[in-house]
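Please examine the sequence together with the three-dimensional structure below. The paragraphs that follow lead through selected parts of it.

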Amino acid sequence: MVFRKPPDGGWGWVIVVVSFFTQFLCYGSPLAVGVLYLEWLDAFGEGKGKTAWVGSLANGIGLLASPVCSICVSSFGARPVAIFSGFMVAGGLMMSSFAPNIYFLYVSYGIVVGLGCGLLYTATVTITCQYFDKRRGLALGLISTGSSVGLFIYAALQRELIELYGLDGCLLIVGALSLNILACGSLMRPLESSSSPPTEKMFVDKVPDQYFVYHEKEKTVEENISILEKGYIDEKCVNNVPDCKQDSILNKNVLSSININEKDTYKKKVVEQTNFCKQLAKRKWQLYLTYWKDTMVLFKNKVFSALFVAILLFDIGGFPPSLLMEDVARSANISEDDYYMPLISIIGIMTTVGKLILGILADFKWVNTLYLYVTTLLMTGMALFAIPFAKSYLTLAMLSGILGFLTGNWSIFPYVTTKTVGIEKLTHAYGILMFFAGLGNSLGPPIVGWFYDWTQEYDTAFYFSGFCVLLGGFLLLLAALPCWNACTNQSSKLPPNTYSYKVASNA
């Protein structure tokens, strides 16, 4: 598929709107799963670490499968993938309302809903990057606020639905709302070239001549024709033995009546058909080898290598507060009368603000987006260290707001990735990075829950989380500094497909 130059507007704004609502509808419940987490603790009586797997899988499995999601979007396009994923998210939420135990939720809510969210996220980010170039930071910031607004609204909505209809009714209603993803996905028109779709003949013509063995020896051609003749004659002999000899003579007469040009064309087509599938399979195998070679080349870029370590550690330490903050407040014996707003809702609304502001900042030429991202990591680590000292609703609300704002760095992460590897390798590189992000999302909440099960307090858990995020930020900073300042000198030493941050940004 050949794409036109990004229009930076036009139908692209429709893509932004539908992508916003797609992330709102698919991520609203998984990100606000902290409300459901308390209900599942009471309903199934399992440990905090074991129950936290449900929410962590829902938010992590889609990212773990990002390479597969990227391949699906590249192969089928954003629109078909979005429509199919809408059925997955809605079906998984509705199935979860009938869960008899926590293990059923691992599959229905954790895997099915999580995988659907991962496919939708990859589809919305990819198609938005195709439609925008100069305003890409703003566009990504706008669509990524959809999940944050969903977190803010669904946290209060799910709590209200649980009070009115119970946990099962809440999941059924939320699942029905997710069916609106189908309407959003149908509007994701691909940005294709204006030329007419290639016909089957055009695909054949594009195959290099060396893949068609026209120059084979005449013996090979005659062998193919002999095989066809023999198969035809044998079939007739089996069905009607008396006519076998007559058919053989007739077949020879027909072949002899073909003029030389027609016979040469026939020979050419026979050879082409017998070798096309074999050569096409060989080309596909070469494409797979190229994919893995390009992956290894990506990891030769120091910034990219540090980026995947940083995103892994950030999600191990930075994701648990959005899932466990409500339980942190309950463990601190904060009275419900002091609750002016759910802490998860505060995280959600401040994440929206953070995504918008950070996305806008990323579009300014004087802002170094990688340094901006590193700054958010370091500040997140310090905020996590402060959680054990928060013993009132006000302090927890302030820390929730700070963490929510800093979590808005998700809006600039695709921007940083694009600037690091280039737009032509975005889907490939982003899928790899999201795999490690999903691994961190899947491990973070259970680790924090296990720390609580062992120590009966959250202090040690959040010290560990803060250390992980700070470590990732420092590693990324150390890897970026020499590459950042000397990228002009290093660009000549890089392999042909390897990009430093500045090289890709000027491409």
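Is Glu457 buried, partly exposed or exposed? Glu457 is partly exposed, because its relative accessible area is 25% (buried means under 20%, exposed over 50% and partly exposed in between, with a 1.4 Å probe and protein chains only). The model is predicted: local features need pLDDT of at least 70 and side-chain atom pairs count only at pLDDT 80 or more, while totals for chains, interfaces and linings use all residues. Residues are numbered from 1 along each chain as its sequence is written, and side-chain values use heavy atoms, with hydrogens and water left out.

Glu457 lies in the loop between α19 (426–455) and α20 (459–485); helices are DSSP runs of H or I with at least four residues, numbered from the N terminus. Pro388 is 69 residues from Glu457 in sequence, and the C-alpha atoms of the two are 9.2 Å apart in space.

Helix α18 (residues 413–421) is mostly covered, with eight of its nine residues buried. Among these buried residues are Phe413, Tyr415 and Val421. After α18 comes Gly422, which has a positive phi near 95 degrees.

A further helix, α13 (residues 302–318), has an axis that comes within 10 Å of that of α18, and the two cross at roughly 160 degrees (axes are lines fitted to C-alpha atoms, for helices over the stretch in contact, and angles run from 0 to 180 degrees between N-to-C directions). α13 and α18 are therefore roughly antiparallel to each other, a term for angles over 145 degrees.

Elsewhere, Leu177 is placed in helix α7 (residues 136–178). Leu177 counts as partly exposed, because its relative accessibility is 32%.

Definitions and conventions: Angles under 35 degrees count as roughly parallel, over 145 as roughly antiparallel, 65 to 115 as roughly perpendicular and the rest as oblique.
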